[in-house]
Structure formats: structure tokens, C-alpha cells
Amino acid sequence: MLLPSVIDRKMRYSGKTRPGYQSEAGNVDMNSHHEHPRVAGSAGARPHAPPEFRFWRRRLARRVGAFATVSAAVMLAASAWVWRDGLVPATLSVRPGQTWEEVVKGSTFPVAKHSDMRNNGSGTTDVDASAVVIVFNDPINGFTLPATRSAKITWRNARVAAITASPMAEAQPFDDALALLEQLQGEFRKAGWKPAGAASWFDTTSAGRLALGHASLPELQQGNTLELAVPHRYAMRLGFRCWDYCSFGPNGYTRYRIEVDIGSSP
């Protein structure tokens, strides 16, 4: 079907008039000097659009409406995904010695889907979701770690042997990472954890911050590790180290990472 503009050109060159444009005097001459002929006596009002133009206009309106509906649906789905993963992270409820069945039942994180287990009950569960909260579910010495993207459970004889995690969504600048380290130490203290042997808690005073941030490059990369324990029950290694853009003294690009490794007391 020819579009209205094509019909106009063909009629203009042939000397004919387009059907549908009527005035009191008859057909309007399309070869006149008026680019858009008007109906006589209508005070400058434009005539009704021809059927061909109305057909294409309706078709375009339907397509625009369909596109708007699909766009709204996509935006709604994206919002729901952000709400699910961002505001309601999955939980992994676990402690050393707990059975496979207990961990699966007590967690909202899909443990079985993310596990690689052998017939003898040994294997690993890898956390690779956008946000998972690890709940150390001991009734006396328990605590909850901040949401993480990186964690692993090691299984032996279908029981939890070790829990390894970085209790942060991503490596952070020095001041932010140190503030989180101080917060975690406070939580562990409240739960009854203590430095093992003659060790002491990380020094987060001004002098301690200076020592942590201005260690030698090998020390920065290897990090500092603190041994914690609940005597005769659990052991923990709490690590603080430079993770990216490591250099002498923190700068705007340097990123630090906290690591937690928990197992049964030897």
C-alpha cells in the first residue's frame, strides 16, 4: 500500500486531485500554491486525514503501546530481582560438627545445589551468590557475620569440618576495613571468644592503625593473623591483609580484606 505522501506526489505530477478533500466548490486543486489545502469556510481548520493515513497512525500507536507494556514488565522484574538479592540475602546457618541434614534444614541458602560431595560424605559447599549471611549458630558462642560473596564449608563424614569466609561484600579501603575489623572483634568478644595463648586483639588505636597500614609490602600482602578460641570447642583465625593495589602506606586505590577461618578446637 502506498503511503499518503507518495500518493500526493504522484497526483501532483499528474495534475489530479487526491480523493477525500472536498470543499463547497468541489475538489481542491493539489497544484495550487497552498502546501496544505484547507476546506473553504472552515476558518483555517484542516480536513480529516485520509483513510490511508489513519491506518498507519493506528498501527504506529499500537506498536508504541506494546513497547511501553514490555518495558514496564522488564523494569518490574529487575526491581523484584534487586529486592530479592539486595534486601533479603540468603542465610547459611552452620557450626563445626553439625550434620549435613541440619545445615540444609536450617539455611535458606540452597546448600545442596552449591555443594560437591563424595560418597564418603566429604566435599565442599561454595558460596558464590551476591549476598549470603553466615550465622554461626552456637547457642552460647554464636554470632552473625556481615553479608559475603565468598565463603566455603568443608565437609568430612557428612559433618562440618571448617568454615572459611570473607565477611564483606568486597575488599574495602583501609579506614572502612579497619572499622569493620573493630566491629567484628567486639562481636567475638561478646560471644566469648578470646585470643589464644599470649596473643592480643588487633590494635585499632591510632598507633595500631599506623602499624597496620605502614607495614612492609610482603607483610601487607601476607597480612596479620590473630588466633582466637573457645577453649575445648572452637578455634578461629582472623586475618587482615592488603588485597589490591598494595603499597607502602594506604592510598586511594588500596583495598583490604578480612578473612575468617573457623574449625573445631584441636
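A residue is called buried here when its relative accessible area is under 20%. Keep that cut-off in mind as we walk through this predicted model.

Let's start with the aromatic rings. Eleven aromatic pairs turn up when the whole structure is searched. One of them joins Phe136 and Phe143, which are stacked, with 4.9 Å centre to centre and 5° between the planes. Phe136 has a relative accessible area of 3%, so it is buried, and Phe143, at 7%, is buried as well. Another pair brings Phe174 and Tyr256 together: because their planes stand at 70°, with the centres 5.1 Å apart, this pair is edge-to-face. Phe174 belongs to helix α4 and Tyr256 to strand β13, so the pair ties together parts that are 82 residues apart in sequence. Phe174 counts as buried at 8% relative accessibility, and Tyr256 does too, at 1%.

Ring pairs also link Phe136 and Phe143 with Phe188, Trp193 and Tyr234 into a cluster. Phe188 and Trp193 lead us to the largest nonpolar core, which has 43 residues; together with Leu92, Leu238 and Phe240, they touch the most other members. Helix α4, residues 174-190, gives the most to this core, with seven residues. Leu238 is in contact with residues beyond its sequence neighbours, including Leu181, Phe188, Phe202 and Ile258.

Arg189 lies over the face of Trp201, 4.6 Å from the ring centre, while Arg257 lies over the face of Trp243 at 4.3 Å. Finally, look at the loop between β12 and β13, where Thr254 lies. Thr254 is buried, with a relative accessible area of 1%, and its side chain reaches the backbone oxygen of Tyr245 at 3.0 Å.

Notes. Residues numbered from 1 in each chain as written. Predicted model: local features only at pLDDT ≥ 70, side-chain atom pairs only at ≥ 80, totals over all residues. Heavy atoms only, no water. Core = buried A, V, L, I, M, F, W, Y, C linked by side-chain atoms within 4.5 Å. Buried < 20%, exposed > 50% of the residue type's maximum accessible area, 1.4 Å probe, protein only. Helix = DSSP H or I, 4+ residues; strand = E, 2+ residues; numbered from the N terminus. Contact = heavy atoms within 4.5 Å. Polar contact = N/O pair within 3.5 Å; in protein donor to acceptor, adjacent residues only side chain to side chain. Phe/Tyr/Trp six-rings, centres within 6.5 Å; stacked < 30°, edge-to-face > 60°. Lys NZ or Arg CZ within 6 Å of the ring centre and 35° of its normal. Lists of a residue's contacts leave out its neighbours within four places in sequence.
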